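Reader: I am new to this structure and would like to learn how to read it. Could you show me around?

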Amino acid sequence: MSRLVLALPFTVIAEPDTLRLIAGEDLRYTFRQRDIDRWGAALVEALRAPRARVEALARVEPSVREAASALLARLIEERVVVVDAPAPPAATYRVSVEGAGPLAGVIRAALPSPPREGPALAVLAQDTMDYAAALAFGRAARARGDAWLWVSEGPLARGFVGPIHLPDGGPCFGCVLASFRRLSPAPALLDALLAHGERGGAMVPAALDPAARAILASLTALKIDRGPRAHAAAFALHVLEVASLEVSAHPLWVDPDCAEHEA
Ligand SMILES: [Zn+2]
């Protein structure tokens, strides 16, 4: 059963009928509701450690549990509370790289020689926007119990190095797509690409600047190296802007809109 936890170390300030959650200077939430200061703080404090939903709600009196349940739904919607990610393995990954085009070869060359033992991690290198194939690759890796990582130069103007997806939970590739859909000015195109890929439709590969491709490969090697030490960067989505060579990192959580997870 998935467990819920606070996404960040929030400071909780309870004032009459008001609950404030503050993480650093940039993240702050204010909730106003009758008596929320009495029971809201108890609910939030319970979620400093990962807990099942019912276990967290059991921390408040039965008379206010319905209101606490509504607050919890709101906290999940605002990503204040997220599904707890499983711990990555302590050992070095045994890596395999799959995919067509020069990107797969450049990634293989950037990796240190793989250990013979250790948990398996499959890299999918894509030079098209065949998101249906990436979804299928992720489902197969999860079914085998392997970690995996998606790298793509398909979008042409951008390159992506996905988070390490762990087999026993945490955000999946469907969660990555859900975040794309939310940010995209034209989400219908994403659905069209998915349907085209599912039909086995042809996709024309992108040919990325070799310098940009080398950045994607070295980011991939760094993330695979740091994943076993639970480095946050290994579990973020990295986006390379090809024109400026700027790389940005975006943390990911299990997306409530992702159909790949059981409700
Ligand atoms: Zn997902």
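Reader: Which residue takes a positive phi in the hairpin of strand 10 and strand 11?

Author: Keep in mind that this is a predicted model. In that hairpin, four residues lie between the strands, and Leu245 has the positive phi, near 60 degrees.

Reader: How many bridges join strand 10 and strand 11, and in which sense do they pair?

Author: Strand 10 (residues 236-241) pairs with strand 11 over six bridges, in the antiparallel sense. Look for Glu241, which stands opposite Glu246 in strand 11.

Reader: How many residues of strand 11 are buried?

Author: A residue counts as buried if 20 or more other C-beta atoms lie within 10 Å of its own. For the six residues of strand 11 (residues 246-251) the number buried is zero, so this strand lies largely in the open.

Reader: Let's turn to a helix. Which residues of helix 5 are buried?

Author: They are Tyr131, Ala134, Leu135, Phe137, Gly138 and Ala141. These residues cover an arc of only 160 degrees around the axis, so they sit on the same side of helix 5. On the other side, Ala140, Ala143 and Arg144 are exposed.

Reader: What span should helix 5 have?

Author: Helix 5 (residues 131-144) has 14 residues, so at 1.5 Å a residue it should span 20 Å. Its end C-alpha atoms are 20 Å apart, which agrees.

Reader: And which residue follows helix 5?

Author: That is Gly145, with a positive phi near 85 degrees.

Conventions
Residues numbered from 1 in each chain as written. Predicted model: local features only at pLDDT ≥ 70, side-chain atom pairs only at ≥ 80, totals over all residues. Helix = DSSP H or I, 4+ residues; strand = E, 2+ residues; numbered from the N terminus. Expected span 1.5 Å × (residues − 1). Buried ≥ 20, exposed ≤ 12 C-beta atoms within 10 Å, placed from the backbone. Arc of directions from axis to C-beta. Pairing = 2+ DSSP bridges.
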